[in-house]
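Me: I am new to this structure and would like to go through some of the terms used for it, one by one. Please set each value against its definition as we go.

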Amino acid sequence: MKAMILAAGKGTRVRPITHTIPKPLIPILQKPVMEFLLELLRQHGFDQIMVNVSHLAEEIESYFRDGQRFGVQIAYSFEGRIVDGDLVGEALGSAGGIRRIQDFNPFFDDTFVVLCGDALIDLDLTAAVKWHKEKGAIATIITKSVPREVVSSYGVVVSDEEGRIQTFQEKPSIEEALSTDINTGIYIFEPEIIDYIPPNQKYDIGGELFPTLVAKGAPFYAVNMDFEWVDIGKVPDYWHAIRGVLSREIQNVQIPGVEVKPGIYTGLNVAVNWDKVNIQGPVYIGGMTHIEDGATIIGPSMIGPNCWICSGATVDNSVIFEYSRLGPGVRLVDKLVFGRYCVDKTGAAIDVQAAALDWLITDARQTLPQENHNRQQAIAELLNQEI
């Protein structure tokens, strides 16, 4: 059975992470989110998978390659061109990407599933496809109900008692929203859907294809299903996802490593004197990370591999990516540290290098100048530095 994963977007709302990591490779405790999707597809018999790529395409292709180590077959449709020797992404939109694949050589010859590459889901795809076929639908959206105050972040679906879609609103205001059933980015299509997508142009599924289906009276349905769905559309979503996994609120992701103490998980060869640090779970610490005596880590928190947490530093309800060094006295509360950026839970970012704070947060592989160390430590202690 055939499926497609949409992986061409730039992920602008997840910056700064997506400056160097494409959204499908954003790790959920060291495992890329798209890998979870491949496992789900394989579990339900979808083993021929197309992936459209554009932004940082080579990163996605290098990690997943032809899919054989994941038990599936994968091929890629690159959207872009080479300019002055560099690959430049030119995404065709979610629907335009489907059309490009079919125009290259007809691939979608039976019912197929389309998934956005930036969400954790545990949907019963087999049951969803069965419902779709019983309705005789050309297109089916899997929906979920959300609180009204968040509907403006999603496509809103209004359907009748039979599930046939009457109206589709793409990210309406709270006041204009006609429903609280939202589009999860999980679709089931028949090959005939291609006829509704114009060739050789950008075309979006939610903003253009779906309104067209409604306007033309196509057999277009929605089914609200009970499943776990964690959208990682923005930095705060990612922060909540990590917290949810560590707190066991998200059930379909296992915490990696070994549970060395209740609620404290580590990768290989973590250097820490457990009786000389204050660590309160749930916490994950990646392999080859050094936690100095006198550090404090309060969960739910994740510290990636190859990090260095100095004495007196505090990590509280935060996510620290790999190769991060937190200097003496640094206090991180509700933050995400990614490379040279420190991001709060609303998504606001500080470039610590531009702000001349890179002696507080820096790359663990960098050698720090010794002459300023004592002065910097004194400043940190004086300020009880909180970023």
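Me: What makes Lys-135 count as buried, partly exposed or exposed?

Reply: This is a predicted model, in which local features need pLDDT of at least 70 and side-chain atom pairs count only at pLDDT 80 or more, while totals for chains, interfaces and linings use all residues. Residues are numbered from 1 along each chain as its sequence is written, and side-chain values use heavy atoms, with hydrogens and water left out. Lys-135 has a relative accessible area of 27%, and because buried means under 20%, exposed over 50% and partly exposed in between (1.4 Å probe, protein chains only), Lys-135 is partly exposed.

Me: How do you know that Glu-162 and Lys-135 meet in a salt bridge?

Reply: Their side chains are 3.4 Å apart, N to O, and a salt bridge is a side-chain nitrogen of Lys or Arg within 4 Å of a carboxyl oxygen of Asp or Glu, so the pair qualifies. Glu-162 lies in the loop between β11 (155-159) and β12 (165-170) and Lys-135 in helix α4, so the pair ties together parts that are 27 residues apart in sequence. Helices (H or I, at least four residues) and strands (E, at least two) are DSSP runs, numbered from the N terminus.

Me: How many salt bridges does the structure hold, and what are the values for the one between Glu-90 and Arg-81?

Reply: There are 7 salt bridges in the structure. The side chains of Glu-90 and Arg-81 meet at 2.5 Å, N to O; Glu-90 is partly exposed at a relative accessible area of 35%, and Arg-81 is partly exposed as well, at 46%.

Me: Why are β18 and β32 said to stand at the edges of their sheet?

Reply: An open sheet of 5 strands runs in the order β18-β21-β24-β27-β32, with mixed pairing. β18 (271-272) and β32 (361-363) each have a single partner strand, so one side of each is left without a neighbour in the sheet. Two strands pair if DSSP finds at least two bridges between them, and 2 bridges join β18 to β21 (residues 290-291), which run parallel.

Me: How many residues does β13 give to the lining of the second largest cavity?

Reply: β13 gives the most to that lining, with 3 residues, and β8 (112-116), β9 (119-121) and β13 (181-189) each supply at least two. Among the residues that line the second largest cavity are Leu-37, Thr-184 and Trp-229.

Terms used. 1 Å grid on protein atoms, 1.4 Å probe; cavity = no way out; pocket = protein on both sides within 12 Å on 5 of 7 lines; lining within 4 Å.
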